[in-house]
Amino acid sequence: MTNTADDLPACAGCGRCCHLTVELRPGDEAVPAEYQIWHDGVACMDQRGDGACVALDPATFLCTIYDRRPQTCRDFTRGTDRCRQAVAGRPGKAAR
Ligand code: SF4
Ligand code: SF4
């Protein structure tokens, strides 16, 4: 059965998955340094107090570095269990 994800909000303006921890990987050098933070020796996207990525526009919920976003963000797939958990407000504790 095809998962059309028609029951989900549009990604533009959702941004729930942008409240998950995003680890940076080799190849993510385009991410501005001021948006990065180190956790236990691992470079990650910095987050605001509510967990939102600092690159997420708090008014529009759009990514402000879309063309430079990390590979993890590029790989995140709409309609997956992780997406649905994020939309439901249950992002869990694990990094995506
Ligand atoms: S992938 Fe899912 S959680 Fe992320 S913006 Fe799109 S609908 Fe929202
Ligand atoms: S870099 Fe952009 S797409 Fe990735 S979590 Fe931050 S706001 Fe979302």
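Of the 96 residues of the chain, 16% count as buried. A residue is called buried if 20 or more other C-beta atoms lie within 10 Å of its own, exposed if 12 or fewer, and partly exposed in between, with C-beta atoms placed from the backbone. This is a predicted model, in which local features need pLDDT of at least 70 and side-chain atom pairs count only at pLDDT 80 or more, while totals for chains, interfaces and linings use all residues. Residues are numbered from 1 along each chain as its sequence is written, and chains are lettered from A and ligands numbered from 1 in the order in which they are written.

Confidence next. pLDDT is the predictor's confidence in each residue, from 0 to 100. The chain average is 90, and 90% of the residues score at least 70. Residues 92-96 stay under 50, and the model gives them 9 contacts beyond four places in sequence. A contact means that two C-beta atoms, placed from the backbone, lie within 7 Å. Where pLDDT is low, the predicted coordinates should not be read in detail.

Now the secondary structure. The chain has 2 helices and 2 strands, and along the sequence the pattern is β-β-α-α. Helices (H or I, at least four residues) and strands (E, at least two) are DSSP runs, numbered from the N terminus. As for contacts with a separation of 6 or more, 59% of them are between residues 24 or more positions apart.

The strands are β1, residues 36-39, and β2, residues 42-45; they run antiparallel and are joined by 4 bridges. Strands pair if DSSP finds at least two bridges between them. Gln36 stands opposite Met45 in β2, and Trp38 has Ala43 of β2 as its bridge partner. In a regular strand the side chains alternate between the two faces of the sheet.

What is the phi of Asp40? The value is near 50°, which is positive, and the residue is not a glycine. Most residues other than glycine have a negative phi. Asp40 sits in the loop between β1 and β2, in a hairpin with 2 residues between the strands. Asp40 counts as exposed because it has 5 C-beta neighbours inside 10 Å.

Phe61 also has a positive phi, about 60°, and is not a glycine either. Its place is the loop between β2 and α1, the helix of residues 71-75. Phe61 is partly exposed, because 16 other C-beta atoms lie within 10 Å.

Asp67 is in the loop between β2 and α1 as well. With 6 other C-beta atoms within 10 Å, Asp67 is exposed. Asp67 and Ala30 are 37 residues apart in sequence, and their C-alpha atoms are 8.9 Å apart.

Which residues make up the largest nonpolar core? There are 10: Cys17, Cys18, Leu20, Val22, Met45, Cys53, Ala55, Leu56, Cys73 and Ala86. Such a core is a set of buried Ala, Val, Leu, Ile, Met, Phe, Trp, Tyr and Cys residues joined through C-beta atoms within 7 Å.

Take Met45, in strand β2. Is Met45 buried or exposed? It is buried, because 25 other C-beta atoms lie within 10 Å. Leaving out residues up to four places away in sequence, Met45 touches Val22, Leu24, Tyr35, Gln36, Cys53, Val54, Ala55 and Pro70. Met45 and Arg69 are 24 residues apart in sequence and 9.8 Å apart from C-alpha to C-alpha. Ala55, counted in the same way, touches Tyr35, Met45, Cys63, Thr64 and Ile65.

His19 lies in the segment before β1. It is partly exposed, because it has 17 C-beta neighbours inside 10 Å. His19 and Gly89 are 70 residues apart in sequence, and 9.7 Å separates their C-alpha atoms.

Last, the two ligands. A residue is near a molecule or strand if its C-beta atom, placed from the backbone, lies within 6 Å of it. Around ligand 1 are Leu8, Pro9, Cys11, Cys14, Gly15, Arg16, Cys17, Phe76, Arg78, Cys83, Ala86 and Val87. That shell has 9 nonpolar, 1 polar and 2 charged residues. The classes are Ala, Val, Leu, Ile, Met, Phe, Trp, Tyr, Cys and Pro as nonpolar, Asp, Glu, Lys and Arg as charged, and the others, Gly among them, as polar.

Ligand 2 has around it Cys18, Val22, Met45, Cys53, Ala55, Leu56, Cys63, Ile65, Arg69, Pro70 and Cys73. Here the count is 10 nonpolar, no polar and 1 charged.
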